[in-house]
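Q: I have a model open here and would like to go through it with you, beginning with the overall layout and then moving to single residues. Could you start with how the elements are defined?

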Amino acid sequence: MKFVDLFACGGGATYGATCAGLNAVLAVDYHKQSLAVHAANHPGCAHLQLELGTDSSTETVMSHPSFPKKGEEWHLHMSSPCNNFCRMNQAAHGGSKEGRERMTQEGLRLVEWCLSFLIKAKPTTWSFENTADNQ
């Protein structure tokens, strides 16, 4: 089964998927250095440096030559940045109540984008990762 990793970072989820027998075909992340680590760890996977979260990014990912074709079995993994939900990060970067609210809204926007992508892409199976806010 093919494996597509959105917000791939250095490739932890891809590593787990390949250990489970999946074939990593596409990893997408906006962060150049993280994607370089992913490429070093998973050289057989296609890599796309792209900021996700817009309609145009949806189209770019789905039109990539390595993206699974209709009828193929594949797994979609999404790890949208959860930093905006972390109270410690909000305190450090958002500070004010308005700043924290703005960060929360951006985090929710990315979660909503992931769900929209999921509905459009129609993978065979999928997973969504978001770390808990440990207090």
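This is a predicted model: local features need pLDDT of at least 70, side-chain atom pairs count only at pLDDT 80 or more; totals for chains, interfaces and linings use all residues.

Q: In what order do the elements run from the N terminus?
A: Starting at the N terminus, the protein runs β-α-β-α-β-α-β-α-α-β.

Q: And what order do the strands take in the sheet?
A: The 5 strands make an open sheet with the order β3-β2-β1-β4-β5, and the pairing is parallel. At the edges are β3, residues 46-49, and β5, residues 125-128, each of which pairs on one side only. Neighbouring strands in this sheet are turned against each other by 15° on average, with direction ignored.

Q: Which helices pack on the sheet, and what do they touch?
A: Helix α1, residues 12-19, packs on the sheet and touches β1, β2 and β4, with its direction at about 170° to that of β1. Helix α5, residues 97-121, lies across β1, β4 and β5, and runs at about 170° to β4.

Q: How many bridges hold β1 and β4 together?
A: Strand β1 (residues 2-6) and strand β4 (residues 74-78) pair over 5 bridges in the parallel sense. One of the residues involved is K2, whose bridge partner in β4 is W74.

Q: What about β1 and β2?
A: Those two strands also pair in the parallel sense, over 5 bridges, and F3 stands opposite A24 in β2.

Q: Is β2 largely enclosed or open?
A: Strand β2 is largely enclosed by the rest of the structure, because 6 of its 7 residues are buried. For the protein as a whole, buried residues make up 41% of the 135 residues.

Q: Let's turn to the nonpolar core, then. Which residues touch the most other members of the largest one?
A: The largest nonpolar core has 21 residues, and those touching the most other members are L6, L26, V28, L52, V61, L76 and F117. At least two residues of this core come from each of β1, β2, β3, β4 and α5, and the largest share, 6 residues, is supplied by α5. Apart from this core lies another, of 6 residues, which includes F3, A24, A27 and C45.

Q: What does V61 contact, once its neighbours within four places in sequence are left aside?
A: With those neighbours set aside, V61 is in contact with L6, L26, V28, L48, L50, L52, F67 and F117.

Q: Why would I expect nonpolar side chains to gather like that?
A: As a general matter, nonpolar side chains in soluble globular proteins tend to be buried together.

Q: Changing topic, how many aromatic pairs are there?
A: A search of the whole structure finds 4 aromatic pairs. In one of them, F67 and W74 are arranged edge-to-face, with 5.0 Å centre to centre and 65° between the planes. F67 is buried, at a relative accessible area of 5%, and W74 is buried too, at 3%.

Q: Why is the pair of W113 and F117 called tilted?
A: The ring planes of W113 and F117 are at 35°, with the centres 5.3 Å apart, so the pair is tilted; planes count as stacked under 30 degrees and as edge-to-face over 60. Both residues lie in helix α5, 4 residues apart, which is about one turn of the helix. W113 is buried with a relative accessible area of 7%, while F117 counts as buried at 1% relative accessibility.

Q: Which residues form the aromatic cluster?
A: One aromatic cluster is formed by F7, F67, W74, W113 and F117.

Q: Last stop, H38: buried or exposed?
A: H38, which is found in helix α2 (residues 32-41), is buried, because its relative accessible area is 0% and the cut-off for buried is under 20%.

Q: And what surrounds H38?
A: Leaving aside neighbours within four places in sequence, H38 is in contact with D5, A8, C9, G10, G11, T14, A27, C45 and H47. With H47 there is also a polar contact of 2.8 Å between the side chains of H38 and H47.

How values were computed: Residues are numbered from 1 along each chain as its sequence is written. Side-chain values use heavy atoms; hydrogens and water are left out. Two strands pair if DSSP finds at least two bridges between them. Axes are lines fitted to C-alpha atoms, for helices over the stretch in contact, and angles run from 0 to 180 degrees between N-to-C directions. Contact means heavy atoms within 4.5 Å. Buried means under 20% relative accessible area, exposed over 50%, partly exposed in between (1.4 Å probe, protein chains only). A polar contact is a pair of N or O atoms within 3.5 Å; within protein, one must be able to donate a hydrogen and the other to accept it, and residues adjacent in sequence count only if both atoms are side-chain atoms. A nonpolar core is a set of buried Ala, Val, Leu, Ile, Met, Phe, Trp, Tyr and Cys residues joined through side-chain atoms within 4.5 Å. Rings of Phe, Tyr and Trp (its six-membered ring) pair if their centres lie within 6.5 Å; planes under 30 degrees apart count as stacked, over 60 as edge-to-face and the rest as tilted.
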